[in-house]
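Here is my note on the two-chain model, written as numbered points. Please read each point with the structure open beside it.

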Amino acid sequence: MKTYKKVSLVLENGATFTGKSFGYEKSVAGEVVFNTAMTGYPESLTDPSYKGQLLIATYPLIGNYGVPIKEMEHDLLKFFESDRIHISALIISDYSFNYSHWNAETSLAQWLIDQEIPGIFDVDTRALTKIIREKGAMLGKILFEGEDVEYYDPNLENLVDQVSTKKKIVYGDGKYKVVLIDCGVKNNIIRCFLDRDVTVIRVPWDYDIFTEEYDGLFISNGPGNPKMCDVTINNLKKALEGDKPVFGICLGTQLMGLASGADTYKLKYGHRSHNQPVLMEGTDRCYITSQNHGYALDTKTLQPGWEPYFTNVNDDTCEGIRHSSKPFFSSQFHPEASGGPVDTEALFDDFINLMKKQK
Amino acid sequence: MEKDIKKVVVLGSGALKIGEAGEFDYSGSQALKALREEGIETVLINPNIATIQTSDNIADKIYFLPVTPFFVEKVIKKEKPDGVLLSFGGQTALNCGIALHKQNIFSDNNVRVLGTPIQAIIDTEDRDNFVRKLDEINVKVPRSIAVTSIEAAVEAAETLGFPIIIRSAYSLGGLGSGFCSNNEELYSLGSKAFSYSDQILVEESLKGWKEVEYEVVRDKYDNCITVCNMENFDPLGIHTGESIVVAPSQTLNNSEYHKLRKLSIDIIRHIGIIGECNIQFALDPYSEDYRVIEVNARLSRSSALASKATGYPLAFVAAKLGLGFGLHQLKNSVTKTTTACFEPALDYIVCKIPRWDLNKFWGVSKEIGSSMKSVGEVMAIGRTFEEAIQKGLRMIGQGMHGFVGNRDIENIIIEKELEAPTDMRIFAIAMAFYKGYTIDQIWELTKIDKWFLDKLKRIFDLQEALSKYSTLEDVSDDMLLSAKKMGFSDFQIGRCVFKSDSDFITEDVIRVRKYRKSRGIVPSVKQIDTLAAEYPAQTNYLYLTYNGTEHDLSYEEDGNSVVVLGSGAYRIGSSVEFDWCGVNALNAINKAKYRSVMINYNPETVSTDYDICDRLYFDELTFERVMDIIDLETPKGVIVSTGGQIPNNLAMRLHEQDVTILGTSPQSIDNAENRHKFSSMLDALKIDQPRWRELTTIDDIYSFVEDVGFPVLIRPSYVLSGSAMNVVSNREELEHFLDLAVKVSKQYPVVVSEFIEHAKEIEMDAVAKDGEIFAYAISEHVEYAGVHSGDATMLFPPQKVYVETTRRIKIISREIAKSLSISGPFNIQFLAKDNDIKVIECNLRASRSFPFVSKVLKTNFIEIATNIMLGEPVEKPSKSLFELDYVGVKAPQFSFARLQKADPILGVDMSSTGEVGCIGDNYYEGVLKSMLSVGYTIPEKSVLISAGPTRTKTELVNSARLLIEKGYDVYTTAGTHDFFKLNGIETIKLHWPDENKKPNTLDFIKSKQVNLVVNIPKNLTKNELDQDYQIRRSAIDFNIPLITNARLASAFLYAVSKLSNEDISIKSWDEY
């Protein structure tokens, strides 16, 4: 029987879990969070919003279908959400040492090793998740024998700056020009725009957007505490004074909220899953959404002119806002999915329609 | 919610049959609960008396009547309901509903079809409509041509190219479906399919594609969710009811998963379902190409499985949506705080495995394919695939210990088995590994995804590694724990290490158990909470796993738990009746304020609904697992007498580990189970029994048979429901049987019993306290002894039994109860010939007929028994069977139509898959109601009688006369014709199938010129059976009702002659 290197996960409250290593062998620290999705590990691992986090997959069997081929489409990796793994470590229960899928070219283990990301299996991920649920998201570290590291709180850093594009990139040649503020954008957001006759002008988080001509402004998802993105918030304040359509997703919602004068706070353990129900305000329409966020907008602090657009049915948290008269709206969830359900993709169409009206 | 709905009729699914089993008791019960919560008056039509849904306090009114348009219309006219629910009673209810809709019965009576509109149902059921509907939204279906004649089918096959698959529209579980690779196969299968339906479909074959299902829910606000997806282990081509299934899917990536999910939602929206539906997809293993195979616009076996797999109560929610609720207005019934509008996140894997009972049938083909043959299923939960599948393979209860560590399977040609699978396919894969086949080779033959095969290989490899050791102490803790994480039982580990090849290695198992506990290797208890620990669960829906380090709950150790052992997979001989017993035991425990604990693993049951008890362990009923749970629960005691034979067999082993068994002592159970002990006890009590011997040599058998004379009953000891039991009528048969079918040795003794012909069989169901009978019910079989009690038609109270006989049966039962000091339920079977009474069997547990007699007598035997076992005060019920002025008739349901080639004959081995129980004002009305409920129809104008030996010919003379008087055409075979003629009855003679002369019986059956076939074999010898086989089998294949027992035929024909449909009273249970 093959043996695997022992590795432990230590939480800041002292709880220790022992597992076995299947990824890169290096001790790391970060914020421990869990995701309850049952599919989509290549998508999650490359989602920049996970920057600085040690990710627990509550679904126990991981690695089943390997890692997809590195095919490019529109200058983007077709089967990934960015060009690299952003999590700091992966924590699972049962690793599938042999994968099986027509579109796979390598194993999850090999991919983790190639990108120097530790992977740990044979952990009671349910017990671990329950600690996070009860005590809240907390710091933790993955320790290999003889290699200790300090705890590290990623939320004290400007993570957006670390994952945002360094330079402006233009995608496609569509009818509508959208400036996309990249706070750690997922590739599928860009794909969703390209599928809708849009030219995407992807710019860094602190870019002076007013130097660009555009029909609509989009603020992407991204990692960490939204209040770190002061430059973006200030730019948005100015943009919200205008009348051009503005659409934000995830961190984008929080940044729009902050720019409008509302406040944000850190959730106990966040929403990271493919099954979050959100109700569209004033209707009986409830959507199943894909989510990945640790911070949320405080609905109670919304300023006049702004109203909740979507609300989480489970915990009543803010899932999106809109302006009562201007073409501004946002979603805390991910309408672009990838991974997760695609039920709310029509929000992109709504945004296009707002731009169409103004043309 | 719609305010104008005050009273609703719910249609049940009738008797359990292959393709339609206990899952509809679960879904119907959930629907009724959902309606009741809203204060709606409920009326249930279901003749299945053994179900939970037909119990007190579930529906307001219950009609034990056939679920057919005729009777449902009558009930509607009488009850004047505002609405009707059609989607909770399987295909039976759906077909009945469509028929009533087409006759405008609902609209004429102002009854609203709640939930999915009937047109949407028709759109999914009629293949042409279905294809057109999906085409409108560009969703792909297999290229398919609907035809109404065999000639058109051949033409269609030419267009599509072989291989093709054919299916008949409007049928349950793929009846009349199959693959054809050439015209010859098409002719043979096609004509059969046309006997079930006027329309069949010829389709492109997608053999080798993955099969994936989604359970989809939609409310009236157009909110849609997919509650669960499931992936078949076997590729397309094997009916999903015949395949191992896992949930969630394992080999689909995010893109595939969500592509099919989105299609599911597009489809449910476009069809316009309100409630629940099941969508089956074929997915190309090399691309994202797909086809939609089927949409079931109703609760199904898969939806019951999905409910149990996720903890999401689909039927309950679907019923609420039918009343006009939105998903977001309902609560998640596990967390009680979050919404029902979500999609469960699992943090475990479930594995469903079918249970077949093909050994019970003569001549049946064992190949599994596109139509369903399994009679039950199990669901295993684990945190690795290896753990789940090994648990599951033990749960199916056919003597297997998991994927490895089993006895050798004889008569298997591995290659053939892998290519053309039978019920042994998974074990053939294990054998292939033993023989050195690679994963690639097995994949070539099976097309099972390599992910699954690789996992199985890992189990095999670990077994090899363990087998290198011969003491436990040499095995590292890491390896031992790995084995447990991969689902190895203590038995398997014991067998690998200690190398015993016996099936009884009780000592080894205990050694492994002790050792691993000393090393701290014990399982963890985890909750199923629908949200993967994101929110806390308020229910205790539990399973055990070694892939965990802590329990989700803490134990009180207050001795207030009472553990009830469930009945496991539905199988022939043990099904919904034991679920009823288990649930009623739990109800009594709840009432007595103890903590009720259930262990069971059958997803089709109500006893595995987490609402029914304080703690549900959805886990194995093996000695090992039950002990694991008892170690944690430290209960007041365990109830082993309400779950059939599985828990009963555990009694002694648990007792030996100092577990308190509630009720009758395990020693007494053993005294009744052990033939020798029981026999000596009867002798001591001077109670008569058929002569028998346990013999170990062929010579002894011959000399014993010389003593008692033929026929004799031969069986191996200690087997449930008499598998491999056989009656032999002459020396030639005996030699044949001993040569081919039986091993005779000291290790495998054979029990030979005198077989008494033409005797009445009488059953005593009773409950005793400290050896004194508290409540009892005596029932009588219509058929003479020799038909298995599970296949017999039963009358309660008895109608044709001498008072003297009943008196003596009571006395004998009292003596036995006293002698065994019974406290709890028990059943004794008697033979009575004149007033000569013999005891043939005694079980110190609830029997199959407990729900039937409890409901007919309106006295809950299980409640009384449970209270006695708990030591609660109980009063003797005042009611007696002699006061009933009505009669209950229990009739068996057979599923021969699904079991290709099986001879539909009844014998000492049980072959029915279910039963109904109806109440009549008199004997004949009861018989007619119950037989109409299991699919018989009153013949329109003609009956074929082939009456068997002289005795049964005599028995049927009067029936024939009555039929002719009533204006029926009576056809007969030669001997019967002549015999009837001698008795002054003119019938029309038809030639035997093998005579090749016209007019021929076979032609008349095939062209449906006879509406009922009565065929009585002279005896059960092979020659005799062969001769009539064609008549019986074609009756089944061409869907013509068949009776093979003279006494039953006589009762039915008499009833038919005296009564018509219109004479049947429409009375609910409470009106009797």
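**Notes on the model**

1. The place of Asp122(A) is in the loop between E12 and H3 of chain A, where helices (H or I, at least four residues) and strands (E, at least two) are DSSP runs, numbered from the N terminus. Asp122(A) has a positive phi of about 70°, although it is not a glycine. With a relative accessibility of 18%, Asp122(A) counts as buried, since buried means under 20% relative accessible area, exposed over 50%, and partly exposed in between (1.4 Å probe, protein chains only).

2. Before going further, please keep in mind that this is a predicted model, in which local features need pLDDT of at least 70 and side-chain atom pairs count only at pLDDT 80 or more, while totals for chains, interfaces and linings use all residues. Residues are numbered from 1 along each chain as its sequence is written, chains are lettered from A and ligands numbered from 1 in the order in which they are written, and side-chain values use heavy atoms, with hydrogens and water left out.

3. A second residue of chain A with a positive phi is Glu116(A), at about 60°, and Glu116(A) is not a glycine either. Glu116(A) is found in the loop between helix H2 (108–114) and strand E12 (119–121) of chain A, and at 40% relative accessibility it counts as partly exposed.

4. How many residues of chain A are in contact with chain B? The model has 53 residues of chain A in contact with 64 residues of chain B, where contact means heavy atoms within 4.5 Å. The two chains bury about 4,900 Å² between them, 48% of it on carbon and sulfur atoms; buried area is the accessible area (1.4 Å probe) that two parts lose on being put together, summed over both.

5. The rule finds ten salt bridges across the interface of chain A and chain B, a salt bridge being a side-chain nitrogen of Lys or Arg within 4 Å of a carboxyl oxygen of Asp or Glu. One of them joins Lys526(B) to Asp124(A), with the closest N and O atoms 2.6 Å apart.

6. Which elements give two or more residues to the side of chain A that touches chain B? They are strand E10 (94–95), helix H3 (125–135), strand E19 (264–280) and strand E20 (286–297) of chain A, and the largest share, eight residues, comes from E19(A). By class, this side of chain A has 20 nonpolar, 21 polar and twelve charged residues, where Ala, Val, Leu, Ile, Met, Phe, Trp, Tyr, Cys and Pro count as nonpolar, Asp, Glu, Lys and Arg as charged, and the others, Gly among them, as polar.

7. A search of the whole structure finds 46 aromatic pairs over all chains. Rings of Phe, Tyr and Trp (its six-membered ring) pair if their centres lie within 6.5 Å, and planes under 30 degrees apart count as stacked, over 60 as edge-to-face and the rest as tilted. Tyr923(B) and Tyr924(B) form a tilted pair, 4.7 Å centre to centre with 55° between the planes; Tyr923(B) counts as buried at 10% relative accessibility, whereas Tyr924(B) is partly exposed at 22%.

8. Tyr936(B) and Phe1052(B) also form a tilted aromatic pair, with 5.7 Å centre to centre and 50° between the planes. This pair links distant parts of the chain, 116 residues apart: Tyr936(B) is in the loop between helix H30 (923–933) and strand E34 (942–946) of chain B, and Phe1052(B) is in helix H35 (residues 1046–1058) of chain B. Both Tyr936(B) and Phe1052(B) are buried.

9. In helix H22 (residues 645–656) of chain B, the buried residues are Gln645(B), Pro647(B), Asn648(B), Leu650(B), Ala651(B) and Leu654(B). What covers them includes strand E19 (561–565), helix H21 (623–633), helix H23 (666–673) and strand E31 (836–843) of chain B. Just after H22(B), Asp658(B) takes a positive phi of about 65°.

10. Finally, two cis peptide bonds deserve a look. One joins Ser338(A) and Gly339(A), with omega about 0°, and Gly339(A) is in the loop between strand E23 (328–331) and helix H8 (346–358) of chain A. Another joins Phe710(B) and Pro711(B), with omega about -10°, and Pro711(B) lies in the loop between helix H25 (698–708) and strand E24 (712–716) of chain B.
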